[in-house]
Amino acid sequence: MEDLQKGDENHGVMHTGDLARRDADGCYFIVGRLKRFLKIFGLRIGLDEVENLIKQEYKADCYCKGDDEKLVVLVTDPALVEALPGFIEEKTHLFHKNIEVRLVDAILRNEAGKVINQ
């Protein structure tokens, strides 16, 4: 209750770390997080964006992570282990040797739907 009485200490700006896009109607959509990017050989790779591309194309659950040398994609569908490197290379222009697809039993999530570190 005390916090509500403080007023606008942030001057109308809240730094959440979320990335958003605005559509033609003026509606905003959260599309990713600032910290979910890799920069591999000068290419900026949005992990949320890669996940969304995979989910749209293959209707499969996945999780992307990595470092500035390799993109790692966790999947639960064995068929995607072979299919995804070429797909990701085509969509991101990332060299196939910098893409690793790993098969996992499950992508663990907490109650809020966020992936638990794997």
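Colleague: Which residues of β6 are buried on each side?

Modeller: Leu71, Val73 and Val75 are buried on one side of β6, and Val72 and Leu74 on the other, so both faces are covered. Buried means under 20% relative accessible area, with a 1.4 Å probe and protein chains only. Strands are DSSP runs of E with at least two residues, helices runs of H or I with at least four, both numbered from the N terminus.

Colleague: How many residues of β6 are buried in total?

Modeller: 5 of its 5 residues, 71-75, are buried.

Colleague: Before I go on, what sort of model is this?

Modeller: This is a predicted model, where local features need pLDDT of at least 70 and side-chain atom pairs count only at pLDDT 80 or more, while totals for chains, interfaces and linings use all residues. Residues are numbered from 1 along each chain as its sequence is written, and side-chain values use heavy atoms, with hydrogens and water left out.

Colleague: OK, the sheet. What is the strand order?

Modeller: β5-β6-β7, in an open sheet of 3 strands with mixed pairing. β5 and β7 are the edge strands, each pairing on one side only. Two strands pair if DSSP finds at least two bridges between them.

Colleague: Parallel or antiparallel for β5 and β6?

Modeller: Antiparallel, over 5 bridges, with β5 covering residues 62-66. The two strands form a hairpin with 4 residues between them. Lys65 has Val72 of β6 as its bridge partner.

Colleague: And β6 with β7, which sense?

Modeller: Parallel, again with 5 bridges; β7 is residues 99-103. Val72 has Glu100 as its bridge partner in β7, and Val75 stands opposite Leu103.

Colleague: What hand does the β-α-β unit have?

Modeller: Right-handed: β6, helix α2 (residues 79-92) and β7 make the unit. By that we mean that, with the strands pointing away from the viewer, the path from the first strand over the helix to the second runs clockwise.

Colleague: Switching to helices. How do α1 and α2 cross?

Modeller: The axes of α1 (residues 47-58) and α2 come within 11 Å and cross at roughly 120°. That makes α1 oblique to α2, since oblique is what remains after under 35 degrees (roughly parallel), over 145 (roughly antiparallel) and 65 to 115 (roughly perpendicular). Axes are lines fitted to C-alpha atoms, for helices over the stretch in contact, with angles from 0 to 180 degrees between N-to-C directions.

Colleague: Which residues make the contact?

Modeller: Among them are Val50, Leu53 and Ile54 of α1 and Leu84, Phe87 and Ile88 of α2. Contact means heavy atoms within 4.5 Å.

Colleague: Where does α1 lie on the strands?

Modeller: Across β5 and β6, running at about 150° to β5.

Terms used: Buried < 20%, exposed > 50% of the residue type's maximum accessible area, 1.4 Å probe, protein only.
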